[in-house]
Every structure is written in C-alpha cells, then in structure tokens.
Amino acid sequence: MLNQFSRTELVFGKDAMDVLENARVAVFGIGGVGGYTVEALARSGVGSLDLIDDDKVCLTNINRQILATRKTVGKYKVDVAEERVHEINPNCNVKTYKTFYMPDTKDLFDFSEYDYVVDAIDTVTGKLELVMNARAAGTPIICSMGAGNKVDAAAFEVADIYQTSVCPLARVMRSECRKRGIKKLKVVYSKEKPIRPVEDMAISCRQHCICPPGTARKCTERRDIPGSTAFVPSVVGLIIAGEVIKDLTHFDRENR
C-alpha cells in the first residue's frame, strides 16, 4: 500500500522496511551532525528513536543545525527534534533525555535495548564511554569524528578507527581505543586538515556569549570553539544515517 515510505521501500524492499519500523536507535548528540542523522532515520521509517542531548538551540547554531531556526532558539534540542520527528512520522516512538552523556550519567541507559547507537557528541570521555557500553551490550555503534573547521564535505568516508589518519580527534580515539582493547570501531572521518578559525573577538563566543538562559554547558567553558559550515556536519550526519540503515537491513547492493 502506498505510504510516506514507499519510495524507500522501492530501494530496500518490504522486509527491510519492517525491520526499520521495529528498530530502536539511540542518537547521542542532536547538534550539527546528530540532527541530520535523526532527520534521515525518521524519514527512513525507523520506528523508535532515543534522543540524548542537554543543550538548547542557540542563535549560533542556525548556520548548520537542521533543528535551529529563529523560532526554536532557546528550546531544548531534544524537544525540537521530537516535535519534528512526529511531524514526519506520527507513529515513531520517541524518547528524549535532557542529559549530557558522561560516565556519571551512563546508568540512565540500557544499551541492550538498542539495535544501534549513534555517537555524535564532541567529548572524548563521552565517546569512549559510549563505545565501551555499546561493546559490552553487543550493540553496533558508529562514531562521528571531527567535523568542525573543515570545508570539504566530499572528503568524509566510513572506515575503521585504526584505518584513520590526519583527523586529530580520530588520532586520540585510536590511542584510547587501543588502550581499552577495542579491536574495531566504525567511524566517519576526513583526512582534510582542519582550518584554524579566524581569531576575531568581535564574533567570538568568548567575548559575546549568547547561550540561552539555563544552558548547562556554555561555549565560554569550552577549550576550543570550532568554526563550522552548513554543508559539512549535514553530510556527516547523513552518511551516518545511511550506514545505520544499511547495517540494520543488511543491505547488499551487489546481491539486491
């Protein structure tokens, strides 16, 4: 029967769409990368989404985050995402957590309940905790490496963490994964050397913080404030969503 996911079904088939409808995916980090991942998962017919982020939409998010508009500034990202997902698919089961994922909040989540985990957060400590917990539960995970300070959207690729190079975040993750005995980890990364942001205090969050009231982690507290564009994080988020969909459905292009 014709429905909103019929064009996707023409590619993957009915059985795969049933798998997606019954799948539960957790997306940690609903920003520039994670927001587009959620968008694509919802539009692909994933039936249950857990959305985890404690941040609110800021005016400076509008340049790159699909959930950020003048209308949503000041609202929690997970609340905006939940509303948008239900506008796309009213039947999607959405669970939101206004939580910053770190070792002290890990007990809020049972990774064995997820069919897939997406890491779109930007702290190494949190990423490693996600990887270790997903590994312990036997749940597949895909991680976003550095997307800030880059302009070549076509340079991003899917690889195992030990096949990566150039990316500073991937370098740290390789080292830390090796220490923890993690044998493999699917990531999206780029060999493009990051651009050094322009040092202009007139447009710096350091001097002119405009985070919405009640924001738990302000930009002024970050070690670095990266530059970003509309077309890089979005591509990373969509690549991640594509990998999740293909892995969940065991899609094999050659034997389709």
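1. Basis. The model is predicted: local features need pLDDT of at least 70, side-chain atom pairs count only at pLDDT 80 or more, and totals for chains, interfaces and linings use all residues. Residues are numbered from 1 along each chain as its sequence is written, and side-chain values use heavy atoms, with hydrogens and water left out.

2. Helix α3. Helices (H or I, at least four residues) and strands (E, at least two) are DSSP runs, numbered from the N terminus. Helix α3 has twelve residues and reaches 17 Å from its first C-alpha to its last, close to the 16 Å expected at 1.5 Å a residue; the expected span is 1.5 Å times one less than the number of residues. Eleven of the twelve residues are buried, so α3 is largely enclosed by the rest of the structure. Here buried means under 20% relative accessible area, exposed over 50%, and partly exposed in between (1.4 Å probe, protein chains only). Among the buried residues of α3 are G32, Y36, E39 and L41. They pack against β1 (24-28), β2, α4, β4 (116-119), β5 and α7, where contact means heavy atoms within 4.5 Å. G45, with a positive phi near 95°, follows α3.

3. Helix α4. The twelve residues of α4 (residues 77-88) should span 16 Å at 1.5 Å a residue, and its end C-alpha atoms are 17 Å apart, which agrees. The buried residues of α4 are K77, V78, V80, A81, V85 and I88. They cover an arc of only 155° around the axis, which puts them on the same side of α4; the arc is that of the directions from the helix axis to the C-beta atoms. Their packing partners are α3 (32-43), β2 (48-52) and β3 (93-97).

4. The cavity. On a 1 Å grid over the protein atoms alone, a cavity is a set of points where a 1.4 Å probe fits but cannot get out, and a pocket is an open set with protein on both sides within 12 Å along at least five of seven lines; lining residues have an atom within 4 Å of a point. Grid points are joined across faces, edges and corners, and a volume is the space filled by probe spheres set on the points. The count comes to one cavity of 30 Å³ or more. The largest cavity has a volume of about 40 Å³ and is lined by I30, G35, V38, E39, L67, A81, R84 and V85. Elements giving two or more residues to this lining are α3 and α4.

5. The second largest pocket. This pocket holds about 390 Å³ of space. Of its 16 lining residues, the closest to its centre are N3, F5, M17, D18 and E21. Helices α1 (6-12) and α2 (14-21) each supply at least two lining residues, and α2 gives the most, with four.

6. Backbone points to check. N149 is not a glycine, yet has a positive phi of about 60°; N149 lies in the loop between β5 (141-144) and β6 (156-160) and, at 19% relative accessibility, counts as buried. H250, also a residue other than glycine, has a positive phi near 55°. H250 is in the segment after α7 (233-249) and counts as exposed at 68% relative accessibility.

7. Residue S144. S144 is found in strand β5 and is buried, with a relative accessible area of 5%. Not counting residues up to four places away in sequence, S144 touches V33, D119, A120, K127, L169, V188, V236 and I240.
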